[in-house]
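I opened my notebook to work through one protein chain. I wanted the overall picture, then a few charged residues.

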Amino acid sequence: MASTPVNGVLAVPNKLLDAVIRTPERRSSPLSSHLNVPGSGHSTPRVLPQEGSGGSGYVAPKFEGKAKQMEAVMDGVEDKGFIPPDFVESETTWFYNELGIDDMYFATESVEAIINHVHSLYAAKVAAYARDDKRLEIRLDKEAVDHAVYIDTSKPGISVVDGPRYEQRIDEKYLDGSKGSTGYRVESFRSASPLPGSEDQQLRCYFVYQCDFANPNPGATEIDLEKIGDKRFLQKATKNTKEVYQQALEVAVERTGPVIEYFDIEGSRDKRLVIAYKQGSAMGLFSALSDLYHYYGLTSSRKYVEQFSNGYTAMSLYLRQVPGAVGSKHPPIEASIHQIIKEISLLYCIPQNKFQAHFATGKLSLQETIYAHCVWVFVSHFLNRLGSEYTALASLLDTENSAHAELLSKLKRRLRTETFTADYILEIINQYPELVHSLYLSFANTHYVQTRGEQDDFLPTLSFLRLQIDKVLTDEELTDAINKTAVNDHHQMVMSSFRIFNNSVLKTNFYTPTKVALSFRLNPGFLPPSEYPQPLYGMFLVISSEFRGFHLRFRDIARGGIRIVKSRSEEAYSINARSMFDENYNLANTQQRKNKDIPEGGSKGVVLLDYHHQDKARVAFEKYIDSILDLLLPPNSPGIKDPIVDLYGKEEILFMGPDENTADLVDWATEHARGRGAPWWKSFFTGKSPKLGGIPHDRYGMTTLSVREYVLGIYRKLNLDPSKVRKLQTGGPDGDLGSNEILLSNEKYISIVDGSGVLVDPKGLNHEELIRLAKGRLMINHFDIKKLSPEGYRVLVDENNVRLPNGDLVYNGTSFRNTFHLRSGEHYDTFVPCGGRPESIDLTTANKLIVDGKSVIPYIVEGANLFITQDAKLRLEKAGCILYKDASANKGGVTSSSLEVLASLSFDDAGFIEHMCIREDGTAPAFYDNYVKEVQSIIRNNARLEFEAIWREHQVTGEARSTLSDTLSIAITKLDEELQSTELWNNEDFKKSVLSEALPKLLLAEIGLEKIMERVPDNYLRAIFGSYLASRFVYGYGISASQFAFFDFMNKRMATLRAS
């Protein structure tokens, strides 16, 4: 066991430490290294025998025609006349025998191609002779459909930032796109000896071959190398190499992240590094690995990238110390290989970070650049704030005045867009690598686990030892350093945000040995109350190369969906990135307000796909979930999941559900949580398939049931005949809310807008045809237009210059679709948004729906979340519209999910499978069917209670319903929290009486109250108790009911309890 520093002084000499001290410019940063390297579980390092060319473990089939081909090449070279006859044989022989190229290349290439390569190399020598510095520089590339060749001069251990960057080209053109049966394998060799006339320049050759698999379409679970391997690989790889890959693949298919192992080579100090991972999960990794081992003074003699038709990639890198004086400046390979293995896990998360150039040139370590990348993401979301001037202006203006409110709205949007762009922030951070180093050390000093307790068996790494040497600055010293170094206020603000980030991180998986994305649990206290008046309880930030994501919640026990946001263009991505956090906050806040009837508070997760990874929704979701689990679950696999520094210090459970683009991924999340040993796996995700005990919202119309209660409530209060009501709906028959709204309603549909376009018929759309689309979940582009009246029409998004029946010309179908709901040409009575992007109607566009001071649509029930901004709602209500907002109308889904969670918490595993999981033959347990019906009944009842409460309050006070909805939510949640902390909870009889009313009757009958109270976490039961009492009081007595009213409410309940 290596010595541990005491008061900054080492008790005994340490060779590793000495090596670090001798190289002060090397700034590796802390990352623990476990002796049992995370990988297949086999004891590593194992010793592999010297086999094949250069000990590579590959033996190329002998090319019998090689000598004859070489003769033909010589003849061809001589015929061209470019190389003097005396040199033809020596140049050709050198090419064939001295560059380490194996027979596979010669068997693949044509004589003409080899002649061109020989000429290119000779030309480079001639060019070098003509140069003053006599430097030999060879750049050769040839790309064909099924293979490619790249040859470059290379100095061992050096990343050439301004060279041809062949490895990046191989990544982008061949490896990143390799998938399943379509893939490319790579072989790379370094010439054994320096080039003639050069002491340190060698040739590096890359050969890329299109894969020809033994079985291009294997079964989903196939892992037999002989069936999923490329034929060339199977022909060349030795038995030992196949075994190494086989073992790595067997573990990789069971894991979300990569498998990383290293092996000693018999009779040599060289190391063989093997990495196996899912294809498409680490773009740019091949080239990024070179920067990593170069940083630690290593070079590679050979590299192989193998693809397998089951969707996995495996790499082998043969690493050795850089020879000569350059290598002696670095720690020995035996020390640096541990560091490299740990850092590959970090590299896998973000193979090409925004500060890669600082890493490639050695100015910053990998950890420092990836840390800077993460803070850059953080800063780009939280530095575009409005400032004190905006707050002062807002207090001077009258927000009730629509002109003032519109001005503030536009000013807010402009300030957030233009103050600090992501590129400007990046430009600033790039100027301060020394500050980044100091700020990183502060972060590392807090979150790096320096010991794992008495059973400690880790080897102190170069990074750990560096932390003992470099001075870690205090927060005050960092502030002083930033103020002295930053050249202006903008720079000072950006670099100070690093401190805010450091002080906000409560726990992170940054130093976990294996991870797939970087996750940070943040204290949200840094958010300005002027912009975010409702304080958040918890915030997670997740960052990977494919995406960035947040998870926000307003209470400890909270639940909400996870949505994936895609971007059609780079401009759309920039807009989405700017608005991402605010959208997430508003969605979670809406969820908090709509969760008034249930124990969970509001939460939401938003995952924004990077513009270049729009096809990676599943990969992003899996990484997002797995990296959050890293922060929720205790570590149970030494060397794979080690302990983390937890400044939060309490157990956390998140309850999640499906949302945009994630409905088909929740089963995976449930199974994955189970596989990782989460005790709460059954309740982790709602919306899962019925075979896992889920209650699908779309199948049972859960969200729509609540929306319909509000629509029907308006008709009931105003004595309207639904069949005569003219209706507009956004969100078509292909979606959950849209399809069920069509199936449950009997109004006269005039217009429907969905992702495919606009469908209109002033005489009323054919109801049978709409039902057909809704049942088939088809967009309106499948509507039979023969069933439209002469005045009806359909305009699809990809159509242009369409003439409407009234003579109007539609120039662009997409623009027409996006703004159709704002047209005042058609007459509607009811508008039910069931889909569409947030803020589709804001204060500016709301004016298009107001003519002569009166709303052109009398009734709006907002089914889609955040479709209308709050200021626009108030403007429409002022113009006479009866409007019920999303937080009230769209709560059926959350109620269903909450009751699904409750069932999963109440049953033990066996009871849950028996009563809540659909059987293999597709039949449902009787309990499941009856429970679904009870859930539907509870949804209708809760919606009806809130509708009546808001209608009654509006009649009495005249206050806008949109305001009353929020006031009611706040009143319930505030009373809920107060009730949970009173002595009432400790009154056992009263507690049981409330829970007996609040819990579903079927659960009580099947399991019993005592068992439910035993199994469901105490804080969850307390939340049920508080939310039920609070909602029943506010619904019954009103929003502004007095303390005396509550006294009366409680007296009646106590009297009922005594009577029982």
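I began with contacts between residues at least 6 apart in sequence. Of these contacts in the protein chain, 71% join residues at least 24 apart. I noted that the model is predicted.

Next I looked up the make-up of the chain. I found 42 helices and 29 strands. The chain has 1060 residues, and buried residues make up 60% of them. I then looked up the accessible surface, which comes to about 42,000 Å². Carbon and sulfur atoms account for 51% of that surface.

**Entry: salt bridges**

How many salt bridges does a search of the whole structure find? I got 68. Side chains of opposite charge can pair when their charged atoms come close. I picked out some pairs to follow.

Asp475 lies in helix H20 (residues 475-485) and Arg499 in helix H21 (residues 489-504), so the pair ties together parts that are 24 residues apart in sequence. Is Arg499 buried or exposed? Arg499 is buried, because its relative accessible area is 17% and the cut-off for buried is under 20%. Asp475 has 29% relative accessibility, so I wrote it down as partly exposed.

My next pick was Lys891 with Asp597. The closest N and O atoms of this salt bridge are 2.5 Å apart. Lys891 sits in the loop between helix H33 (886-889) and helix H34 (892-906), while Asp597 sits in the loop between helix H22 (570-594) and strand E17 (601-609), so the pair ties together parts that are 294 residues apart in sequence. I checked the cover on both residues. Lys891 is buried, and Asp597 is buried too.

Then I turned to Arg716 and Glu948. Their side chains form a salt bridge at 3.1 Å, N to O. This pair links distant parts of the chain, 232 residues apart. Arg716 is in helix H27 (residues 702-717), and Glu948 is in helix H36 (residues 926-957). Arg716 counts as partly exposed at 40% relative accessibility. Glu948 counts as partly exposed as well, at 25%.

I also looked for a network. Which residues are linked in a network of salt bridges? I listed Arg563, Glu583, Lys604, Asp659, Glu660 and Arg837.

**Entry: a negative patch**

Glu71, Asp75, Glu78, Asp79 and Glu89 form a negative surface patch. Which helix gives the largest share of the negative patch? I found helix H2 (residues 66-80), which supplies four residues. Glu78 is found in helix H2. Glu78 is partly exposed, with a relative accessible area of 45%.

**Entry: Asp270**

Where is Asp270 found? I located Asp270 in the loop between strand E7 (259-265) and strand E8 (271-278). Asp270 counts as buried, because its relative accessibility is 16% and the cut-off is under 20%. I then listed its contacts, leaving aside neighbours within four places in sequence. Asp270 is in contact with Phe263, Asp264, Ile265, Leu319 and Arg320.

Key:
Residues numbered from 1 in each chain as written. Predicted model: local features only at pLDDT ≥ 70, side-chain atom pairs only at ≥ 80, totals over all residues. Heavy atoms only, no water. Patch = residues over 30% accessible without salt bridge, like charges linked within 9 Å, V, L, I, M, F, W, Y side chains within 5 Å. Areas by Shrake-Rupley, 256 points an atom, 1.4 Å probe, with all protein chains shown as cover. Salt bridge = Lys/Arg side-chain N within 4 Å of Asp/Glu carboxyl O. Lys, Arg positive; Asp, Glu negative; His and termini not counted. Charge placed at Lys NZ, Arg CZ, Asp CG, Glu CD. Helix = DSSP H or I, 4+ residues; strand = E, 2+ residues; numbered from the N terminus. Buried < 20%, exposed > 50% of the residue type's maximum accessible area, 1.4 Å probe, protein only. Contact = heavy atoms within 4.5 Å.
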